[in-house]
Amino acid sequence: MKPGRTTLHFERNGFCANVESVAAMLCGKCGTRSIPGPTALKISNAVERFLKACIDLDSTGISLLKVAS
């Protein structure tokens with residue numbers, strides 16, 4: 001395992017969110033990635049709140065998209 005960066009992908013009820021450039025330990029052989037507990041918990045809680053907000057806004061017709069930089 002070596003330190004690196006990864007992208008986490010979450011999907012809930014037809015909505016998805018990607019969290020990019022997350023510090024993690026990565027295995028170059030099998031692809032396993034390990035994110036430290038406190039970091040994983042913070043990301044998970046934030047994404048869950050975000051996706052809940054998306055579900056609450058679903059009937060409004062608002063779409064959230066990332067603009068390519």
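Start by selecting Asn-13, which takes a positive phi near 50° in the hairpin of E1 and E2, a hairpin with two residues between the strands. Before moving on, note that this is a predicted model, in which local features need pLDDT of at least 70 and side-chain atom pairs count only at pLDDT 80 or more, while totals for chains, interfaces and linings use all residues. Residues are numbered from 1 along each chain as its sequence is written, and side-chain values use heavy atoms, with hydrogens and water left out.

Next, colour the two strands, E1 (residues 2-12) and E2 (residues 15-26), which pair in the antiparallel sense over ten bridges. Strands (E, at least two residues) and helices (H or I, at least four) are DSSP runs numbered from the N terminus, and two strands pair if DSSP finds at least two bridges between them. Select Phe-10 and then Ala-17 in E2, which is the bridge partner of Phe-10.

Now go to Thr-6, which lies in strand E1 and is buried, with a relative accessible area of 14%; buried means under 20%, exposed over 50% and partly exposed in between, using a 1.4 Å probe and protein chains only. Leaving aside residues up to four places away in sequence, Thr-6 touches several residues, including Val-19, Val-22 and Arg-33, where contact means heavy atoms within 4.5 Å.

Finally, select Ala-40, which has its place in helix H1 (residues 37-57) and counts as partly exposed at 30% relative accessibility. From Ala-40 to Val-22 the C-alpha to C-alpha distance is 9.2 Å, although the two are 18 residues apart in sequence.
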